[in-house]
Each structure stands twice: as C-alpha cells, then as structure tokens.
Amino acid sequence: MITSRAWRRVATTLLALCAAVLPVTASPAGATAPTKQSSHRAMPEPSPVDVARAELASLNVAAPHSMAGYSRAKFPHWSAQGSRCDTREVVLRRDGQNVVQDDQCRAVQGTWFSEYDGKTATATNQVDVDHMVPLAAAWRGGADEWQTPERKKFANDLEHSQLIAVSASSNRAKGDQTPDLWKPPLKSYWCTYSRAWVDVKHIYNLNVTEAEKNALSDMLDTCA
C-alpha cells in the first residue's frame with residue numbers, strides 16, 4: 001500500500017522533472033499579449049543576371065497606358081496571411097532583425113536595414129513596405145487591363161521579389177517612378193534592384209517603355 005507521504009514524494013519528483021524539461025517564459029510586467037521574435041531573412045532572390053537579361057529582352061516595349069481610372073484601391077492590399085498577420089507585417093518580420101510582434105501580429109520592436117539607401121530604422125514608422133514595381137507603374141504597364149484578383153495577387157506577392165521593407169524616405173522619393181526616373185541611392189543595390197524589377201515585369205507580363213528598358217540594361221551592367 002502506498003502512503004499519502006509516498007504519493008506526495010512521487011508528485012514532487014514529477015514536478016521537478018517537468019520544470020527541468022519545459023522552459024518557463026516570464027512575461028514583462030504589464031504585458032497583455034504574447035510576443036514572438038524572428039531573425040533576419042530577405043526578399044526572395046530574383047533571377048540571375050543572365051536570366052534577367054533574357055527576361056528583359058522578352059518584355060514588350062510600349063508607350064505607358066493612361067492613368068485614367070487608376071486607384072490604389074484597385075490593387076487590394078494588405079491581404080490576410082493567417083495568424084492575424086497581413087502581408088505588410090509578414091514582410092516586416094521577414095526583412096527585419098530581432099523583430100518582436102504582439103498578439104495582433106504588429107511589429108512592436110526590431111531593426112530594419114534599408115537596401116535602397118543604407119539607412120537603419122528601429123521603429124516601424126520609419127519603414128515602408130515597397131512594391132518593387134509600384135502599383136501605378138504596373139497600371140501603366142498593362143495592369144489596367146487586369147481583373148481585381150490578379151491585381152490583388154500582384155500587390156501581395158510574397159513569392160517573388162516584389163515586396164521589400166525600406167526606409168520610408170526612400171520609398172516616398174521613389175513614388176511610382178520607373179528606373180529611368182529613379183534609382184536607389186546606393187549604387188551597390190542597382191544589380192539586385194534591376195534584376196528584381198525585370199523579374200516581376202516578366203512574371204506578370206507587363207510592358208516597359210524604351211527609356212525604362214535602357215535604364216534597366218545599364219543597371220544590369222553593374223552586376224559582377
């Protein structure tokens with residue numbers, strides 16, 4: 001017969017074993033939501049330079065379509081991505097370092113390096129998620145003829161090199177300009193930028209202008 005004292009001894013031993021195996025996470029004082037962290041990853045790698053040159057050569061060269069009827073609302077974003085996250089928050093988590101998110105998937109802490117201009121941000125209000133090929137540029141390149149589901153896919157594309165977290169100032173300087181009108185201040189990023197731009201236009205079968213094509217070709221020349 002096992003006495004109550006023996007049962008208590010067994011229970012105490014089991015609790016000690018559990019404490020040794022299972023980690024205990026302490027919540028900061030006043031915290032109302034769990035947080036999670038992620039290490040730095042990167043925008044999906046675009047095509048290699050030789051492939052990008054072939055893609056660029058295959059793009060249709062045409063005058064830009066009219067901006068009549070354009071609205072960012074015709075490119076629904078940011079889409080839900082599960083676990084209360086939307087596309088923007090997924091990119092902030094992916095492109096940042098030591099990113100901490102609350103239980104609503106909002107980034108509340110982290111560090112983001114902007115590939116466009118070399119700036120480092122430590123607050124999300126200093127960071128924008130940029131569409132490599134801007135929505136308005138896509139519209140002028142043929143997205144005006146798409147249906148809403150395709151525009152939504154384009155605006156939330158996490159699979160290809162279309163979305164990147166950069167400094168808010170560089171994103172706003174870029175606006176909807178094509179590479180013949182705006183290039184990243186960091187020339188060291190021109191190779192990746194041009195490969196990504198060409199790759200996205202190729203994937204979505206978007207037109208380029210002659211000036212845009214020439215600028216992209218020159219930027220691809222910076223690739224080692």
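Buried means under 20% relative accessible area, exposed over 50%, and partly exposed in between, computed with a 1.4 Å probe on protein chains only. At 1% relative accessibility, C105 therefore counts as buried. The model is predicted, so local features need pLDDT of at least 70 and side-chain atom pairs count only at pLDDT 80 or more, while totals for chains, interfaces and linings use all residues. Residues are numbered from 1 along each chain as its sequence is written, and side-chain values use heavy atoms, leaving out hydrogens and water.

**Disulfides**

- The structure holds two disulfides, a disulfide being a pair of cysteine sulfur atoms within 2.5 Å.
- With bonded cysteines counted along the chain, the pattern is 1-2, 3-4.
- C85 is joined to C105, with an S to S distance of 1.9 Å.
- C85 lies in strand β3 (residues 85–86) and C105 in the loop between β4 (97–101) and β5 (107–113), so this pair ties together parts 20 residues apart in sequence.
- The torsion about the S-S bond of C85 and C105 is about 90°, so the disulfide is right-handed.
- C85 counts as buried because its relative accessibility is 4%.
- C191 and C223 form a disulfide with sulfur atoms 2.0 Å apart.
- C191 lies in helix α7 and C223 in the segment after α8, so the pair ties together parts 32 residues apart in sequence.
- The link of C191 and C223 is right-handed, with 105° about the S-S bond.

**Helix α8**

- Helices (H or I, at least four residues) and strands (E, at least two) are DSSP runs, numbered from the N terminus.
- In helix α8 (residues 210–220), E212, A215, L216, M219 and L220 are buried.
- Seen down the axis of α8, these buried residues fall within an arc of 140°, so they line one face of the helix; the arc is that of the directions from the helix axis to the C-beta atoms.
- The buried residues of α8 pack against α2 (49–58) and α7 (190–203), contact meaning heavy atoms within 4.5 Å.

**Aromatic rings**

- There are 12 aromatic pairs in the structure.
- Rings of Phe, Tyr and Trp (its six-membered ring) pair if their centres lie within 6.5 Å; planes under 30 degrees apart count as stacked, over 60 as edge-to-face and the rest as tilted.
- The rings of Y70 and W139 have centres 5.6 Å apart and planes at 70°, so the pair is edge-to-face.
- Y70, F75, W139, W146, F154 and Y204 form one aromatic cluster.
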